[in-house]
Amino acid sequence: MITTKDGTQIFYKDWGPKDAQPIVFHHGWPLSSDDWDNQMLFFLANGYRVVAHDRRGHGRSSQVDTGHDMDHYASDASAVVEHLDLRNAVHVGHSTGGGEVARYVAKYGEPQGRVAKAVLIASVPPLMVKTERNPGGTPIEVFDGFRKALAENRAQFFLDVPTGPFYGFNRPGAMALQGVIQNWWRQGMMGSALAHYEGIKAFSETDQTDDLKAITVPTLVMQGDDDQIVPYKDASLLQGKLLKRGTLKIYPGLPHGMMTTHADVINADLQAFIRS
């Protein structure tokens with residue numbers, strides 16, 4: 001654990017040789033650093049130092065009642081990085097974690113000279129919600145529905161999401177993986193209902209256009225074109241245009257959650273990018 005300036009305790013994992021290049025993983029909503037177990041074990045076995053933390057209100061970090069916004073998410077990530085004095089790091093974010101990476105790299109990582117590369121996987125920037133300036137976004141009513149379902153029966157909602165659109169198990173012919181569903185539920189229910197409720201606004205209504213424009217390190221953008229959570233045409237395609245040194249890779253037929261669970265393809269492409 002580390003304690004941030006506002007007294008929040010942030011849980012983190014730090015595995016591997018302390019003189020090896022660090023890879024820092026940022027998890028999605030409403031999960032925890034455990035969502036990166038496969039990637040952390042893979043890159044640890046390949047000689048890297050791997051680090052991941054639980055976002056405030058998620059996993060084993062403090063269930064505080066404030067700071068459930070992208071600025072605090074990035075500040076907390078920076079606190080972990082500074083505590084461990086990580087340099088030449090590669091920051092990898094999935095979904096909401098991709099928004100956290102974009103804000104962290106733009107506001108802290110690059111100005112401090114700590115970041116070598118970034119990876120955005122099925123990530124929420126530049127802006128998820130539909131507005132006049134973002135006509136391809138998701139209507140606010142969808143996110144209102146998330147809030148309603150969470151407030152009424154979070155435990156059931158956290159079964160419905162992974163059973164259905166998150167992993168694409170609702171597609172015809174898809175084989176649901178019960179262990180994956182239960183692990184998603186386990187991670188979600190570890191966290192704070194308040195953090196998850198307020199986090200919906202953070203991941204859906206935060207405009208990160210300027211964050212993407214500010215990033216100058218090489219950035220890999222990865223997403224499946226069957227993403228039912230973060231539509232790729234309003235996410236990765238726009239990220240590729242806004243980033244100064246972005247590389248875009250679209251995976252045919254791959255759902256949102258499979259971008260971390262379908263590890264054989266993702267790990268190989270991540271490793272190739274990090275080594276390039």
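How close do the axes of H4 and helix H5 (residues 178-190) come, and at roughly what angle do they cross? The legends below take up that view and several others, and the model behind them is a predicted one.

**View 1. Helix H4 crosses helix H5.** Here the two axes come within 9 Å and cross at roughly 140 degrees. The crossing of H4 and H5 is right-handed. On the H4 side, look for Arg154, Ala155, Phe158, Leu159, Val161, Pro162 and Thr163; H5 brings Ile181, Trp184, Trp185, Gly188 and Met189 to the contact. Sorted by class, the H4-H5 contact comes out as 9 nonpolar, 2 polar and 1 charged residues.

**View 2. Helix H4 also packs with helix H6.** H4 spans residues 140-163 and H6 spans residues 193-205; their axes cross at roughly 155 degrees and come within 10 Å. With that angle, H4 is roughly antiparallel to H6. Handedness here is right-handed for the crossing of H4 and H6. H4 contributes Ile140, Phe143, Phe146, Arg147, Leu150, Ala151, Arg154 and Phe158, and facing them from H6 are Ala193, His196, Tyr197, Ile200, Lys201, Phe203, Ser204 and Glu205. The tally for the H4-H6 contact is 10 nonpolar, 2 polar and 4 charged residues.

**View 3. Seven strands make an open sheet.** Reading across, the 7 strands run in the order S3-S5-S4-S6-S7-S8-S9, with mixed pairing. At the edges sit strand S3 (12-15) and strand S9 (246-251), each with pairing on one side only. On average, neighbouring strands of this sheet are turned by 15 degrees against each other, ignoring direction. Zoom in on S3 and you'll find it paired with strand S5 (residues 49-53) in the antiparallel sense, over 4 bridges. In that pair, Lys13 stands opposite Ala52 of S5.

**View 4. Helix H2 lies on the sheet and carries Asp76.** Helix H2 (residues 70-84) packs on the sheet, where it touches S3, strand S4 (22-26), S5 and strand S6 (89-94). The direction of H2 makes about 145 degrees with that of S5. Asp76 has its place in this helix. At a relative accessible area of 3%, Asp76 is buried, because anything under 20% counts as such. Setting aside neighbours within four places in sequence, the contacts of Asp76 are Thr4, Ile10 and Arg56.

View 5. One joins Trp29 and Pro30, with omega about -5 degrees; Pro30 sits in the loop between S4 and helix H1 (37-45). The other runs from Pro125 to Pro126, with omega near 5 degrees. Pro126 belongs to the loop between strand S7 (115-121) and H4.

View 6. Most residues other than glycine have a negative phi. Asp85 has a phi near 50 degrees and lies in the loop between H2 and S6. For Ala122, phi is about 45 degrees, and its place is the loop between S7 and H4. Are they buried or exposed? Asp85 counts as partly exposed at 42% relative accessibility, whereas Ala122, at 0%, counts as buried.

Definitions and conventions
Residues are numbered from 1 along each chain as its sequence is written. This is a predicted model: local features need pLDDT of at least 70, side-chain atom pairs count only at pLDDT 80 or more; totals for chains, interfaces and linings use all residues. Side-chain values use heavy atoms; hydrogens and water are left out. Two strands pair if DSSP finds at least two bridges between them. Helices (H or I, at least four residues) and strands (E, at least two) are DSSP runs, numbered from the N terminus. Axes are lines fitted to C-alpha atoms, for helices over the stretch in contact, and angles run from 0 to 180 degrees between N-to-C directions. Contact means heavy atoms within 4.5 Å. Angles under 35 degrees count as roughly parallel, over 145 as roughly antiparallel, 65 to 115 as roughly perpendicular and the rest as oblique. A crossing is left-handed if the near helix is turned anticlockwise from the far one by less than a right angle, and right-handed if clockwise. Ala, Val, Leu, Ile, Met, Phe, Trp, Tyr, Cys and Pro count as nonpolar, Asp, Glu, Lys and Arg as charged, and the others, Gly among them, as polar. Buried means under 20% relative accessible area, exposed over 50%, partly exposed in between (1.4 Å probe, protein chains only).
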